[in-house]
Amino acid sequence: MAVKSRARIVGAAARRLSLAGVGALALCAALGSSPAVAQQTGEVQDLFRQVLANPSDAGANTRYAQAAERQGELRKALAAYERIILADPNNTQARAEYERIKAALEPAQTHFQVGFGLQYESNVRLDPHGGRSDIAGQLSLRMDDERHVGGTSWRTGVQVYGDTHLNSGNADFMYGSVSTGPVLTMENGWRIHPSLNAEVGGANYNFLFYSVGLGAAIETRGAGWLRGMTFGVSYADFTSSNRTGVFHSENGRDAVVVGGRVKLGWENVFTMQDFLSIAPGAVYNIARAQDDRFWQVGVTAAYATRLASFEGGVGNVYLAPEVTLQYRAYAGQEPGHNNSRKDTRVVPGMKLIGTYENKTVVLSYLYDHNDSNYNDGVLLDGRQYRNHRVGLNFYVDF
Amino acid sequence: MRITLLTSLILGSALFALPVAAQVDIGVAASITNKVDGSVGPQTKPVVLGDRVFENEVIRTGTNSKGQLLFRDETAVTVGPDSEITLDKFVYNAAGNSISLSATKGVFRFISGSAPKNAYEIKTPSATVGVRGTIVYIGLLPDGTGLYYVGEGGIELKTAFGVFSASEGEIIVIRPGAAPEVGKLKPWQKALFAAVFDPDKKSADLPSVPGMPDKGNDLKNLLRSQGQIIDCYNSFQSEYGCGYGFRRRN
């Protein structure tokens with residue numbers, strides 16, 4: 001094999017150099033490579049020579065990777081599987097092995113993010129007649145952690161959020177959630193993250209609801225358009241003692257919620273630095289009360305493109321338009337109506353995003369536009385409304 | 001006349017062969033994506049899969065291009081887009097080991113091979129990297145900022161401000177004229193390394209920051225309520241933040 005390798009060295013060099021130098025190069029290569037070859041002994045080295053002679057050979061790379069892994073040299077296995085994927089992006093077995101090795105090598109990471117900002121809403125109560133505008137201050141904290149626990153990747157996320165309004169104190173909202181579960185590599189290289197989730201919410205500084213559930217996120221790999229899928233089932237329990245303000249709570253809203261969403265994505269669609277995301281999803285809210293029970297389908301399309309870059313890519317400005325379309329159908333009828341309620345919601349928007357190192361600023365505008373067949377008779381808040389939302393938010397990552 | 005011609009041919013061949021004889025084969029181009037060039041002396045040629053690479057060769061990649069270089073000691077260097085690296089020195093034999101590279105711009109992933117760790121040296125404009133571990137990511141930005149992320153093991157950086165070390169999961173950032181800072185990998189830094197982090201990427205990525213469209217790469221983004229300040233794990237009722245969804249009744 002060493003002879004074959006040297007012959008290939010000479011052959012390749014000959015193509016790149018003048019004919020006059022071939023003899024001298026052959027002599028040099030032969031002399032120069034001998035000590036190194038002598039030093040490479042053992043199974044891994046033998047297989048490595050095969051790879052060196054034919055680096056795109058999937059079989060040679062696989063055997064080399066397996067031998068390297070047996071010796072505990074995962075990094076060499078990682079590079080070998082990467083070579084196979086680059087030569088054949090559809091090799092799902094190599095991709096699965098690559099993801100497995102990559103996950104095993106990944107250092108533990110804990111990521112903290114603090115966010116704060118202001119949000120203007122033209123119709124904070126979602127009043128059908130226009131309502132009252134208000135400004136809210138917002139604060140959020142999040143922690144994302146991924147590490148190896150007993151040989152398995154384990155991911156945990158914690159979030160805390162609170163807002164306070166300038167005038168509408170009864171619109172203040174607080175929220176906290178935690179999610180934890182393993183990250184497992186599937187046979188085709190995709191990763192699945194089953195998780196146990198819990199959340200709690202409060203309104204007007206009083207308890208509003210809690211929820212517990214199970215979720216599963218499937219993270220696809222590769223450059224294809226299918227980027228991931230999320231499924232979840234949870235049970236939400238609402239208090240019956242928080243009926244004031246813009247939040248309405250009653251036991252009838254207690255529900256088992258089943259939902260799923262698919263993420264489709266494309267990069268470099270129109271420019272070298274852009275991304276298009278389309279995310280259809282469906283929800284079935286099996287609420288205790290018939291008129292709170294609904295099913296919903298929707299899709300969000302979002303696009304982002306880089307407008308400007310400075311300091312060699314450390315700072316960037318992005319423009320991100322988006323639109324959400326949503327249809328919701330309730331099971332039961334509310335008093336004063338002959339039909340069940342059906343809502344159609346359209347929310348176009350635009351974001352201007354600036355990033356500099358670990359800091360992000362987002363200037364956003366959303367026009368929340370909801371139409372309902374419950375648009376006559378007893379016209380309640382949240383049925384048919386228009387709400388302009390302008391936000392200015394800052395985030396810092398640690 | 002015949003003797004003169006023969007003498008000229010011999011002399012000419014010897015002179016022409018002189019720079020060629022100095023070339024030492026050190027490995028192979030193990031994967032090539034799009035445009036990768038190699039310069040040995042004055043010659044610049046496209047590098048294709050399976051081509052040998054040589055001591056003192058300068059490797060340059062184009063936009064949306066990258067390559068993996070595999071050296072004879074099993075070192076694998078992934079060269080990202082718009083990058084340039086010189087393969088300065090490669091000694092790997094029973095008499096000793098010394099492997100030196102000079103990275104001047106772009107992004108790289110360095111996976112060390114079988115030579116002793118102290119044999120490796122990576123020179124960059126702002127620091128010389130001594131490899132104390134096995135996987136190192138290097139980003140050299142156009143403004144002179146250098147990023148050195150340790151994927152496994154550790155590194156030691158010799159800089160104008162002294163020697164700095166980082167261990168697994170840490171990154172050292174050196175801005176022009178400023179002392180190095182050791183910290184954790186940030187989303188914007190990870191986005192810059194995308195082409196050498198992920199075999200499917202050929203360029204820097206858009207960072208996963210608030211407000212960005214969901215790329216669906218991880219759970220937090222999959223469940224993120226499209227740019228809102230807060231996610232909503234279980235309450236799938238709301239597309240626009242948990243609290244907002246509850247306001248739909250009064």
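Here is a walk through a two-chain model, from the overall make-up down to single residues.

The model is predicted, so a local feature is mentioned only at pLDDT of at least 70 and side-chain atom pairs count only at pLDDT 80 or more, while totals for chains, interfaces and linings use all residues. Residues are numbered from 1 along each chain as its sequence is written, and chains are lettered from A, with ligands numbered from 1, in the order in which they are written.

Let's begin with the overall make-up. Chain A has 6 helices and 14 strands, and chain B has 5 helices and 17 strands. Helices (H or I, at least four residues) and strands (E, at least two) are DSSP runs, numbered from the N terminus. Chain A holds 398 residues, and 40% of them are buried; chain B holds 250, and 58% of them count as buried. Buried here means that 20 or more other C-beta atoms lie within 10 Å of a residue's own, exposed means 12 or fewer, and partly exposed is in between, with C-beta atoms placed from the backbone.

Contacts tell us about the chains too. Two residues are in contact if their C-beta atoms, placed from the backbone, lie within 7 Å. Taking contacts with a separation of 6 or more, residues 24 or more positions apart account for 51% in chain A and for 37% in chain B.

Now to the inside. In soluble globular proteins, nonpolar side chains tend to be buried together. A nonpolar core is a set of buried Ala, Val, Leu, Ile, Met, Phe, Trp, Tyr and Cys residues joined through C-beta atoms within 7 Å. The largest one here has 93 residues, and the members touching the most others are Tyr64(A), Tyr81(A), Val136(B), Ile138(B) and Tyr148(B). H5(A) gives this core its largest share, 8 residues. There is also a second, separate core of 13 residues, with Phe173(A), Tyr175(A), Leu208(A) and Phe209(A) among them.

Tyr64(A) leads us to helix H4 of chain A, where Tyr64(A) is one of the buried residues, as are Ala60(A), Ala65(A) and Ala68(A), among others. How far apart are the end C-alpha atoms of H4(A), residues 58–70? They are 18 Å apart, which agrees with the 18 Å that 13 residues should span at 1.5 Å a residue; the expected span is 1.5 Å times one less than the number of residues. The buried residues of H4(A) pack against helix H3 (42–53), helix H5 (74–87) and helix H6 (92–105) of chain A. After the helix comes Gly72(A), with a positive phi near 80°.

Two residues show that packing up close. Leaving aside neighbours within four places in sequence, Tyr64(A) is in contact with Val44(A), Leu47(A), Phe48(A), Val51(A) and Ala80(A). On the same terms, Ala67(A) is in contact with Glu43(A), Val44(A) and Leu47(A). Ala67(A) counts as buried because 20 other C-beta atoms lie within 10 Å.

Next, look at strand E13 of chain A (residues 359–372), which holds Thr360(A). Is Thr360(A) buried or exposed? It is buried, because it has 25 other C-beta atoms within 10 Å. Leaving out residues up to four places away in sequence, Thr360(A) touches Ile353(A), Thr355(A) and Tyr395(A), along with Val209(B) and Pro210(B). Thr360(A) and Asn393(A) are 33 residues apart in sequence, with 8.2 Å between their C-alpha atoms.

Over in chain B, strand E2 (residues 36–40) has a covered face of Val36(B), Gly38(B) and Val40(B), while Asp37(B) and Ser39(B) form the uncovered one. Strands pair if DSSP finds at least two bridges between them. E2(B) runs antiparallel to strand E5 (residues 58–61), joined by 4 bridges, and also pairs in the antiparallel sense with strand E3 (residues 43–46) over 4 bridges. Ser39(B) stands opposite Val58(B) in E5(B) and has Thr44(B) as its bridge partner in E3(B). E2(B) and E3(B) form a hairpin with 2 residues between them, and Gly41(B) in the turn has a positive phi of about 65°.

Finally, two loop residues. Asn56(B) sits between strand E4 (52–54) and E5 of chain B, and has a positive phi of about 75° although it is not a glycine. Asn268(A), in the loop between strand E8 (255–267) and strand E9 (274–287) of chain A, has a positive phi near 50°. Asn268(A) is partly exposed because it has 13 other C-beta atoms within 10 Å.
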